[in-house]
Amino acid sequence: MSNQTRFQAFLSEAGELSRFAARFFAQCFRPRYEVSEFIRQCYIIGYQSLPLVGLTGFIMGLVLTLQLRPSMVDYGVESQLPAIVGIAIVREIGPVITALIFAGKIGSSIGAELGSMKVTEQIDAMEVSGTNPFKYLVVTRVMAAVCMLPILSVLSDAISLYGAYLGVNVRGATSFHLFWVEVIDSLAFNDVLPAFIKTFFFGFAVGIIGCFKGYNSKKGTEGVGHSANSAVVLSSVVIFILDLLAVQITDLLGFN
Amino acid sequence: MTPSESVMKISHLYKSFGNNHVLIDFNFELYKGENVVVLGKSGSGKSVLIKCIIGLLKPDEGTIDVFDQCINDMDDTELDKIRAKVGFLFQSNALYDSMTVRENLEFPLRRHWIEVSQEEVNNMVMEALEDVGLAHTIDMMPIELSGGMRKRIALARTLILKPDIILYDEPTTGLDSITGSEIISLMIEIKKKYNTSSLIISHDMNCVRRASDRVVVLYDGTCYAAGTYAELQHHTDPKVKQFFEQEFKQ
Amino acid sequence: MAKQTFNNVRLGAFVLAGLTFIIVLLYLIGKNQHLFGSSFVLKVQLDNVQGLKSGNNVRYAGIDVGTVKKINILNDTTMQVEMVIDELVKPVIRKNAIVSIRTDGLVGNKVVEISSSKTPASPVEDGDVLSARKSIDTDEMLRTLSKTNNDLAIITEGLKTTIGKINNSTALWNLLNEEGIPNHLKKSAYNIHQATDKANRMIADLQSIVLGVKNGKGSLGAIVTDTALGQNLNAAVLKIKEVGDQADRLSQQISSAVKGIQKDIDQGPGTVNALLKDSAMANKLNRSLENIQKGTDGFNQNMEALKHNFFFRGYFRKLEKEKKKQAEQNQ
């Protein structure tokens, strides 16, 4: 494939994704609302991801603390460890690691599920059964991803902070109360809110890309695998791009 | 069987994908209580035709009338009303993997805004399952069933809304000849029981012979020949003949 | 359906846990910034806010009681800092409290410190403007400290060279050892004494003149009988007298100083004596002299050795011969 056609393919995919997103917004606010399916998806996408997200969050908090400690001791600011770890977790590590894990778990499962539904005509069958499959499958999943990722990310922050607390206590002793007070002291609204808000966009990216890839899956088992794989890859890249944009925007608005 | 009332009329239907002209000036009429088989080679546009009828694909030109209503420019709500009366059996069954047999069968019932109590739903589900002889599978997942059973569950799901027209997309494909025969018998039985009209897409001559009241040969995107099985069997045109010769070879 | 409900319960717990955490987090942060609860505003005007930002803490006696809300520029030399203070400390802060800007630790954030002053005053009210104290900016402090250090280095260097010079200067030692100096000082004191005598006499003369004038002798007298002028003159005379007294005192001081120095030199508790009679120094000097002595001894020995050396024997003999020759010639 020459570079030009590859570039064209990229642009056309970007265009299709944008139209897909536009279709999502158009369908999103029109009845009928698939509430029970939305709740079911919330359960699958949100609740069932919690153990994985919690585990990675806990390990990140613990490891980050242990890795930072020697440098902090070198500079003689060991007592600032909770503050630094708290800011790192809340501002960046929590949202991004959660979103990446989320992309790996949810992006791929949405991509594969919708892909195989497409391939086995289940999507057509739904349409015939008086259901708008876009609403029933895409809107509910994307909305569930948008709503659940922030919650997952907040809980992951909490678990990470607990991991960090244990990390601080591996060498040295800090009471949980002191740790907590120091973390809260070091945080401000402009640490928490931009990080919280950007997770909505991360969730949207993961959901819409997973659905897009699955919904436009090519025929055959290979097509399904490809959808799942490219959904994860693309959504992970998009998460980083959004993160870059988020930091630029908060910087521009002076919230940094 | 005397054809009485027209339930579906297709006139001057054109459909193409890019430069691939699949349907060119296709005309067809389906009468109440008759089984019509559309015969054609793979890729001749049979599935496209059937998807146009159910509104999954929009035709480029021409009109499709179902129950004297043109479905070309219908919105989703109106289309859904037509779809409630038209059953569709998919080639790959299209059972929802994530749901049990019961949920699969309940799905179209609930989705079509039919006001029924839970008890009625249960009764309808049981009735449809009994029609296909698989009442014991009600709490199983589709993945646990064999190919023939899945086809029958899919048929039960089509039947549950008591449709007036059933569209069969290659009902015997992917099944062994014995299971295929069972499915064909079931189709004939259902037709008798509910007096439905059926449009069957197939290239399985066994199915064509047993199930058809009338046969339409789809060739080069158009209605090439039409008639009863017996009439076409002795057709002189080589393009028609090849379908029937094939069967004799078997 | 039972399964569905159970799922809903778990989903509900999950969502509520997440929302509760974020809300608690935001509430605690907000509480830290004194966004909730009743508060009031205090203002202070400063000429330099030293990098204070809105959101910095305000402390009263070391307790966080509020935050900086806003910093306004009133004019080119006056910045007004608006602070939001917890309502609870309102009765404690007095109108005459003094505000200063400090740094939390050496490198920490800026904090506004409100400290009470000793004198009594009524409690503050909403919107009061407190007075400020110019505080020590860490930067400035460090700058000063480094300058002090430099100065100290220069001073030490100077002191070192001075001491070196003193040690090396024979003239100074001579001066200190000189017997004549006290005599000179005595003589100068005597001179001063004579000068004051003369001054006394002059004053006496002046007095008699003034007396004459007072009694109104001649036209000059008529002019100067004017009392104001007379008073002025009196004051002038008094001043002259005072000068004389001072000269007297000065001479006394000088003579006592000289006596002191003499005494110091003789008996030894003072600094000069210490310098002169430091036994450690003397020992050092002794030792170096000994070293020099040793050195010369060594040199002599070397020379002796050279004399006996194979190569130089000839030369030394020649030298001796020449000496003898010379001696003979001289005879």
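**Exercise 1.** Determine whether the end-to-end distance of helix α1 (residues 3–28) of chain A agrees with its number of residues.

*Solution.* The model is a predicted one. The expected span is 1.5 Å times one less than the number of residues. Helix α1 of chain A has 26 residues, so it should span 38 Å. The C-alpha atoms at its ends are 37 Å apart, which agrees with that expectation.

**Exercise 2.** Characterise the packing of helices α4 (residues 81–119) and α6 (residues 133–170) of chain A.

*Solution.* Two packed helices are described by the distance between their axes and the angle between them. The axes of α4(A) and α6(A) come within 7 Å and cross at roughly 145°. The crossing of this pair, α4(A) and α6(A), is right-handed. The residues of their contact comprise 19 nonpolar, six polar and two charged.

**Exercise 3.** State how many residues chain A and its partner supply in the contact with chain B and in the contact with chain C.

*Solution.* In the contact with chain B, 15 residues come from chain B and eleven from chain A. On the side of chain B, α2 (76–85) and α3 (101–111) each supply at least two residues. Helix α2(B) gives the most to that side, with four residues. By class, the side of chain B has nine nonpolar, two polar and four charged residues.

The contact with chain C takes 17 residues from chain C and 17 residues from chain A. The side of chain C divides into eleven nonpolar, five polar and one charged.

**Exercise 4.** Identify the residues that touch the most other members of the largest nonpolar core.

*Solution.* This core has 140 residues, and Val206(A), Ala156(B) and Leu167(B) touch the most other members. Helix α6(A) gives the most to this core, with 23 residues. Leaving aside neighbours within four places in sequence, Leu167(B) is in contact with residues including Ile50(B), Val86(B), Phe88(B) and Leu199(B). A second, separate core of 18 residues includes Val44(C), Leu46(C), Ile85(C) and Val99(C).

Technical notes:
Residues numbered from 1 in each chain as written. Chains lettered and ligands numbered in written order. Predicted model: local features only at pLDDT ≥ 70, side-chain atom pairs only at ≥ 80, totals over all residues. Contact = placed C-beta atoms within 7 Å. Nonpolar A, V, L, I, M, F, W, Y, C, P; charged D, E, K, R; others polar. Axes fitted to C-alpha atoms, helices over the stretch in contact; angles between N-to-C directions. Left-handed = near helix turned anticlockwise from the far one by under 90°. Core = buried A, V, L, I, M, F, W, Y, C linked by C-beta atoms within 7 Å. Buried ≥ 20, exposed ≤ 12 C-beta atoms within 10 Å, placed from the backbone.
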